[in-house]
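Dear colleague,

Please find the structure below, together with its sequence. My notes on it follow, and I would be grateful if you could read them alongside the coordinates.

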Amino acid sequence: SNVVCSLVFGRRYNYDDERFREMLRAWEDMLIVIVKSKIFFSPRWFRFIPGTAAKEVHRLSEKISKFIRDEIKTHRMRFDENCINDLIDTYLFEEQKHHGETEIFNEFGIMSMARDLFLAGTETSSTALYWAILFMILDPEIQERVQNEIDEVVGRDRKPNGNDRDKLPYVEAVIEEVL
């Protein structure tokens, strides 16, 4: 999530930041409600669908939207076209350049872009990690082989880095299989 925040908002949040944690919980809770209820529509349409699941998705979606709107508002207040720091600044620059003459560069467009990036960049990554952990739990031989390869190449005294990647073909294959 902080990778997406850096890209979209130009900043990272501390994981003890309550607003940030609340937004992350809202994403997680919203996706759980969507999956459990088997309702697959865009969250902005949920307010028109009867039922408690739809109302809950709409409520959580509004929490996420408020977080994003607050960031956009902050960006608008400090916007400097000569100092573009992130995706929102870029969007605001284009919005200003087109003076509302386009349907793309407006408040709805910037909100949609930010929400899409959070959904694509956050949930898919955590889901992939869940699957990787599940596969390791279900197949201890794979887990042991991955750990052995990491121990042989990296050891236990340092963290792996990009230079290790070519020397970890089995780990790479497991990751590719999960993704």
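Which residues does E71 touch, not counting those up to four places away in sequence? They are F9, R11 and Y13, where contact means heavy atoms within 4.5 Å.

Before the remaining findings, a note on the basis of these values. This is a predicted model, in which local features need pLDDT of at least 70 and side-chain atom pairs count only at pLDDT 80 or more, while totals for chains, interfaces and linings use all residues. Residues are numbered from 1 along each chain as its sequence is written, and side-chain values use heavy atoms, with hydrogens and water left out.

Overall architecture

The protein has seven helices and zero strands; helices (H or I, at least four residues) and strands (E, at least two) are DSSP runs, numbered from the N terminus. Of its 179 residues, 32% count as buried, that is, under 20% relative accessible area, with exposed meaning over 50% and partly exposed in between (1.4 Å probe, protein chains only). Among contacts between residues at least 6 apart in sequence, 49% join residues at least 24 apart.

E71 is found in helix α3 and is buried, with a relative accessible area of 4%. H75 lies in this helix too, which covers residues 52-78. H75 counts as buried because its relative accessibility is 1%. Leaving aside residues up to four places away in sequence, H75 touches V8, F9, D86, I88, D89 and L92.

Packing of α3 and α4

Helix α4 comprises residues 87-98 and packs with α3 at an angle of about 60 degrees, their axes being 10 Å apart. Axes are lines fitted to C-alpha atoms, for helices over the stretch in contact, and angles run from 0 to 180 degrees between N-to-C directions. The two helices, α3 and α4, are therefore oblique to each other; angles under 35 degrees count as roughly parallel, over 145 as roughly antiparallel, 65 to 115 as roughly perpendicular and the rest as oblique. On the α3 side, I72, H75, R76 and R78 meet I88, D89, L92 and E95 of α4.

Helix α6

Helix α6 (residues 140-153) has 14 residues and should span 20 Å at 1.5 Å a residue, which agrees with the 20 Å between its end C-alpha atoms; the expected span is 1.5 Å times one less than the number of residues. G155, with a positive phi near 85 degrees, follows α6.

Yours sincerely
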